[in-house]
Amino acid sequence: MTSATETQLRTAEPPPAPPRDTAAAPRWSLPVLLAILALAAVLYSWNLSGSSLNSFYSAAVLSGTESWKAWFFGSLDAGNFLTVDKPPLALMVMGLSCRLFGYGTWQMMAPMTVAALATIWILHSCVKRVFGHAAAAVAALVLALTPITVAINRDNNPDTLLVFLMVSGAALALRATRNGRLLPLLGSAACFGLAFNTKMLQGYIALPAVFVVYLYAARPAWAKRIVHLLAAGVVLAVSSFWWAAAVSLVPASERPYIGGSTDGTAWNLITGYNGLGRILGGEGNGGGGGGGGGGFSGTAGLGRMFNEILGGQISWLLPFAGIALVGGLVLCGRAPRTDPTRAALALWGGWTVLHYLTFALAEGTMHPYYTTALAPGIAALCGGGGVLLLRAFRRDRRWLWVLPLGLGVTAVWAAVLLRRASGWNTWLWPTVLVVMALALAGLFVFRSGTSGLRLRLLAVSVVAAVVAAVAGPAAYAWSVPSGSGGGGMSGTNPTAGPSTGSGFGGPGGGGDGGGRGFPGGWTPPGGQNGQGGQTRQGSQSGHSGQAPQGAGGMPQGSTSGTRQPGGMAGGMGGGMGGGASSELIAYLKKHQDGAKWLLAVSSSQSAAQLIVSSGEPVISMWGWSGSDKAMTLARLKELVKKGELHYIQLGGGMGGGPGGGSTVSSEVTAWVQKHGTAVKESDYSKSTNTESSSAAASGSSAQSNQSNQSTIYRLDASDVS
């Protein structure tokens, strides 16, 4: 890095953009990039089989390997009763990998790891073309070491693919802005459309910045720019809505219910739960930052990114990125309209501001890992804007204090974040302050160096400042694969670093993990609701934090010892998040009697765990939040009459109760209790239910246990009148 910095320091003025594409790369550039990619590969894959993935998506991937119909729709179960509440693109990618190489943790995560590394490479290439190789190296390093990015890139949530597609779209848009050609712009639109099919409207957050930058800064004339944008709009619409349109062409009776919708359609999912519901709350997203779905990340407000939950995940370099953005734009001054430096700053600055405001003010469900989408913008601004500030620091006394101010604020904020983690690496925050102070002293002393020893010492000072700036996030990032920092809920709500916050499902929680919600003593990751002790409607269930952790970060009680698909045993080493009572699963399989589904349960959390553990289709009657109207009384009677379903589970403390108390679920519950035959736990379990015995000795304990007890009922065609 020292030689890299020396090269950059010799540059008195930012060179024009075109030569960047053709200039020979310095000898250090490729080795530095490869070293960063190698570091990222280690962080994203080290001990991956020992970490817990999100069983919700694991179940859908497994179902996609067993049914092409389930693969296309993104069905939770291979019987295609209900889909997950997202478009299926990420599931399709992971599903294809598992079809080719077998179902397992590594097979599922391989394409996501490749996408994560490709994102770093694309960002490096994009920043390099405008700001130079040193700026690109800094941007790549910052992105690779962003703590929440490391955490989510080790999980099977769709965010990794989402960020890859959005960064690809931004890079292509900047290329189109520089060269004025239509094809890169169309490619950008296609990427953002595919991002929409990964996580719907979240894939569009950066689009306004892309639109404005191209409209203002692209080389073609106004009329041609507008025509180009209209053509890109057509591509965006096609690449965004092809899946929803295809789903709508399939009759409702022949397709699964679209999870997260209120009417079983993909269009409703787009406009409701995965649309404005995420921003305004409601639509199954909770009611606001303090007590609703937003509580996963603390109270909604402009300061949310700096609170105790999100601060250590994403905010380390946010202050510096803001200073670099403003300073860089001022430095561009009266540059020509097509100036590529200003265009790049505007796009990545717009990316950062739009994501920041969306996540900070969202009143609906807001998980910490959503903020990984902020990381590319922060990284690009730190690299590109930081180099601009360094040049201004060296050549203009009016800018003498801007870069040192940004670096000093970064070091102080890092110390604040590190001190929040009481007793965790207490040596680190004073080290960061000391190293940054020495680096700043070196910057001032050797500022005017142009060659020889003074230039090399200036380069060392710059490198020391970069090291001090990334030391905190690097420590948080390493805590994820090393298991040394605690962090948040693996799979369900992945975070990095030590426990510093108290959001629902975030660091610092203290869930029960008692396993009372399902016969056989099984508890889903994240407490009895599988989501950090809170349903996605935002109602607390008495478990405000994370479940106790077992080996490898796996919540206790989530492994089962049952044989998993792909020949892997015991919850696939913790990697797939699977697990349920092996005795119960064996009983249900033995008495399945040719039924299409092994069991029907109330929530998707429960169904997913059983699907992964048993390898059999399991029905989620009312989806993740309990508000889906997938199972009606008429539909249940039809399934039972056809012999496609025999067993239904009702009750329990993990979302196992009636779906949100709706009329539909109440009718189903009442009918099952009236006509079904209850299955006794003694019919499948050889062990003594010590919890029930203890409850029998105490009236209050018995009453408490009864409220959490679940019951499985057997129904046959003869029970349908």
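Where in the chain is the place of D593? D593 sits in the loop between α23 (582–590) and β3, where helices (H or I, at least four residues) and strands (E, at least two) are DSSP runs numbered from the N terminus. The model is predicted, so that local features need pLDDT of at least 70 and side-chain atom pairs count only at pLDDT 80 or more, while totals for chains, interfaces and linings use all residues. Residues are numbered from 1 along each chain as its sequence is written, and side-chain values use heavy atoms, with hydrogens and water left out.

**Backbone angles**

- Most residues other than glycine have a negative phi, and most peptide bonds are trans.
- D593 has a phi near 55°, a positive value in a residue other than glycine.
- N47, which is not a glycine either, has a positive phi of about 55°, and this residue lies in the loop between α3 (29–45) and α4 (55–66).
- With a relative accessible area of 43%, N47 counts as partly exposed; buried means under 20% relative accessible area, exposed means over 50%, and partly exposed is in between (1.4 Å probe, protein chains only).

**Salt bridges**

- The count of salt bridges comes to seven, a salt bridge being a side-chain nitrogen of Lys or Arg within 4 Å of a carboxyl oxygen of Asp or Glu.
- D593 is linked with R714 and D716 in a network of salt bridges.
- The side chains of D396 and R398 meet in a salt bridge with an N to O distance of 2.9 Å; D396 is buried at 17% relative accessible area, whereas R398 is exposed at 71%.
- E638 forms a salt bridge with R635, with the closest N and O atoms 3.6 Å apart, and E638 and R635 are separated by about one helical turn because they are three residues apart in helix α25 (residues 633–641).
- E638 also takes part in a salt bridge with K642, where the closest N and O atoms are 3.1 Å apart.
- As for accessibility, E638 is partly exposed at 32% and R635 is partly exposed at 28%, while K642 counts as exposed at 55%.

**Helix packing**

- Two packed helices are described by the angle between their axes and the distance between the axes.
- Here the axes are lines fitted to C-alpha atoms, for helices over the stretch in contact, and angles run from 0 to 180 degrees between N-to-C directions.
- Helix α6 (residues 89–101) packs against helix α7 (residues 105–131) at an angle of about 130°, with the axes 8 Å apart, which makes α6 oblique to α7.
- Angles under 35 degrees count as roughly parallel, those over 145 as roughly antiparallel, those from 65 to 115 as roughly perpendicular, and the rest as oblique.
- Helix α7 also packs with helix α8 (residues 133–145), at an angle of about 150° and with the axes 7 Å apart, and α7 and α8 are therefore roughly antiparallel to each other.
- The crossing of α6 and α7 is right-handed, and the crossing of α7 and α8 is right-handed as well; a crossing is right-handed if the near helix is turned clockwise from the far one by less than a right angle, and left-handed if anticlockwise.

**Surface patch**

- L302, V353, L357 and L361 form a nonpolar patch on the surface, and together they have about 340 Å² of accessible area, with areas computed by the Shrake-Rupley method with a 1.4 Å probe and, for residues, only the protein chains shown counting as cover.
- Patches are made of residues with over 30% relative accessible area and no salt bridge, with like charges joined within 9 Å and nonpolar side chains (Val, Leu, Ile, Met, Phe, Trp, Tyr) joined within 5 Å.
- V353, one of the patch residues, is found in helix α17 (residues 340–361) and is partly exposed, with a relative accessible area of 40%.

**Pairs separated along the chain**

- S603 is found in the loop between β3 (599–601) and α24 (604–614), and at 2% relative accessibility S603 counts as buried.
- The C-alpha atoms of S603 and G623 are separated by 5.2 Å, with the two residues 20 residues apart along the chain.
- S721 lies in the segment after β7 (710–714), and at 80% relative accessibility S721 counts as exposed.
- The C-alpha atoms of S721 and K641 are separated by 9.4 Å, with the two residues 80 residues apart along the chain.
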